[in-house]
Amino acid sequence: MMIQPTEREMELRELLDKEKDPEKRKKYDEELTKEVRNNPTWQRLKKIFD
């Protein structure tokens with residue numbers, strides 16, 4: 001099963017790919033991690049497989 005990323009997740013991944021500054025990359029990565037954790041599909045899958 002393929003989980004489709006949200007629009008915000010895709011945007012953050014693009015920013016992360018384009019950014020060279022380590023501090024900004026870290027910030028984008030943290031935001032992306034938070035987005036993924038708040039994704040309802042990921043939460044349901046986690047409940048199933050935990």
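Residues count as partly exposed when their relative accessible area falls between the buried limit, under 20%, and the exposed limit, over 50%. In this predicted model, Met10 has 39% relative accessibility, so Met10 is partly exposed. Met10 belongs to helix 1. Its C-alpha atom is separated by 20 Å from that of Glu23, a residue 13 places away along the chain.

Helix 1 spans residues 7-18. Helix 2 covers residues 22-38. Two packed helices are described by the angle between their axes and the distance between the axes. Here the two axes come within 9 Å and cross at roughly 160°. Angles over 145 degrees count as roughly antiparallel, and helix 1 and helix 2 are therefore roughly antiparallel to each other. Their crossing is left-handed.

Helix 1 contributes Arg8, Glu9, Leu12, Arg13, Leu15, Leu16 and Asp17 to the contact with helix 2. From helix 2 come Arg25, Tyr28, Asp29, Glu31, Leu32, Glu35 and Val36. By residue class, this contact holds eight charged residues, six nonpolar and no polar ones.

Leu32 illustrates the helix 2 side of this contact. Leu32 has a relative accessibility of 6% and so counts as buried. Setting aside residues up to four places away in sequence, Leu32 touches Glu9, Leu12, Arg13 and Leu16. Leu45 lies elsewhere: 13 residues separate Leu32 and Leu45 in sequence, and their C-alpha atoms are 18 Å apart in space.

Asn39 sits in the loop between helix 2 and helix 3, the latter formed by residues 40-49. Its relative accessibility is 6%, so Asn39 is buried. Beyond its neighbours within four places in sequence, Asn39 is in contact with Ile3, Gln4, Thr6 and Glu9. With Glu9 there is a polar contact, side chain to side chain, at 3.4 Å. Glu9 also touches Leu32.

Helix 3 itself presents another picture. Of its 10 residues, the number buried is zero, so helix 3 lies largely in the open.

Conventions:
Residues are numbered from 1 along each chain as its sequence is written. This is a predicted model: local features need pLDDT of at least 70, side-chain atom pairs count only at pLDDT 80 or more; totals for chains, interfaces and linings use all residues. Side-chain values use heavy atoms; hydrogens and water are left out. Helices (H or I, at least four residues) and strands (E, at least two) are DSSP runs, numbered from the N terminus. Buried means under 20% relative accessible area, exposed over 50%, partly exposed in between (1.4 Å probe, protein chains only). A polar contact is a pair of N or O atoms within 3.5 Å; within protein, one must be able to donate a hydrogen and the other to accept it, and residues adjacent in sequence count only if both atoms are side-chain atoms. Contact means heavy atoms within 4.5 Å. Axes are lines fitted to C-alpha atoms, for helices over the stretch in contact, and angles run from 0 to 180 degrees between N-to-C directions. Angles under 35 degrees count as roughly parallel, over 145 as roughly antiparallel, 65 to 115 as roughly perpendicular and the rest as oblique. A crossing is left-handed if the near helix is turned anticlockwise from the far one by less than a right angle, and right-handed if clockwise. Ala, Val, Leu, Ile, Met, Phe, Trp, Tyr, Cys and Pro count as nonpolar, Asp, Glu, Lys and Arg as charged, and the others, Gly among them, as polar.
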